[in-house]
Amino acid sequence: MVRLSSSKRSIKRRGTPADLLVVGLGNPTDEYAQTRHNAGVWVINELVERHGGRLSAGRRDRAEAAELRVGDKRLAVGIPKTFMNNSGSAVAPLVRRYGIDDLSNLVVVHDEIDLPVGRMKVKIGGGLAGHNGLKSIRSHLHSVEFTRVRIGVGKPVPGTMKGRDYVLKRPKRSERPELERVVGRAADAVEFLLNNDLDTAMNLFNRS
């Protein structure tokens, strides 16, 4: 169990701590909304739609956020308003606001080029595979021991483009049905984690 030190709790909690905080990574503005790099954002939007929530942000907030009621659980969701490379500056205040002392109760949803389109994996900690959003979160939280839901977006054909250019493009039309399916499955995994342990979630959702 990884806990934040008291020196990291500069933002006042608002009400009862959330049972789970889920953050979807991506880039702001309509220019990037449908690109592969915003797969994490798609999952948050799916959860908000399912549970009748509404994302909002104050003028000084670095993220849009909502509190959803899922059964008897309190699920906080957020989308950074920063660009991907500075995600940590939005995630750290959300962690403190929603009283997430145990970082395993922070779930970061993000695109993953090392997984084929339509695959998904749940994990905790581990390597960041050069993902700049995750690296920024590590820098601000001083830990990688948060839970991750990795959304497979595939890799570019070798020699055609770099990974960073690939994720900033829209998926092919042929890929969209699989991406829509995996976004729904990722939202299912988040809901499952509200009432079940991580090992059980991994055994269930990490199958091909």
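In the predicted model, Val22 is in contact, beyond its neighbours within four places in sequence, with Ile44, Leu75, Ala76, Val77, Gly78, Val107, Val109 and Val190. Val22 also belongs to the largest nonpolar core, which comprises 38 residues, and together with Leu75, Val77, Met120 and Ile151 it is among the residues that touch the most other members. The largest share of this core, 9 residues, is contributed by helix α5. Apart from this core lies another, of 24 residues, which includes Val23, Tyr98, Leu106 and Val108.

The buried residues of α5 are Leu179, Val182, Val183, Gly184, Ala186, Ala187, Ala189, Val190, Glu191, Phe192 and Leu193.

Two packed helices are described by the angle between their axes and by the distance between those axes. For helix α1, formed by residues 39-50, and α5, the angle is about 65° and the axes lie 9 Å apart, and the crossing of the two helices is right-handed. On the α1 side the contact is made by Trp42, Val43, Glu46, Leu47 and Arg50, and on the α5 side by Leu179, Val183, Gly184, Ala186, Ala187, Asp188, Val190 and Glu191. The residues of this contact between α1 and α5 divide into 8 nonpolar, 1 polar and 4 charged. Val190 of α5, which takes part in the contact with α1, is buried and is also in contact with Val22.

Notes. Residues are numbered from 1 along each chain as its sequence is written. This is a predicted model: local features need pLDDT of at least 70, side-chain atom pairs count only at pLDDT 80 or more; totals for chains, interfaces and linings use all residues. Side-chain values use heavy atoms; hydrogens and water are left out. Buried means under 20% relative accessible area, exposed over 50%, partly exposed in between (1.4 Å probe, protein chains only). Helices (H or I, at least four residues) and strands (E, at least two) are DSSP runs, numbered from the N terminus. A nonpolar core is a set of buried Ala, Val, Leu, Ile, Met, Phe, Trp, Tyr and Cys residues joined through side-chain atoms within 4.5 Å. Contact means heavy atoms within 4.5 Å. Axes are lines fitted to C-alpha atoms, for helices over the stretch in contact, and angles run from 0 to 180 degrees between N-to-C directions. A crossing is left-handed if the near helix is turned anticlockwise from the far one by less than a right angle, and right-handed if clockwise. Ala, Val, Leu, Ile, Met, Phe, Trp, Tyr, Cys and Pro count as nonpolar, Asp, Glu, Lys and Arg as charged, and the others, Gly among them, as polar.
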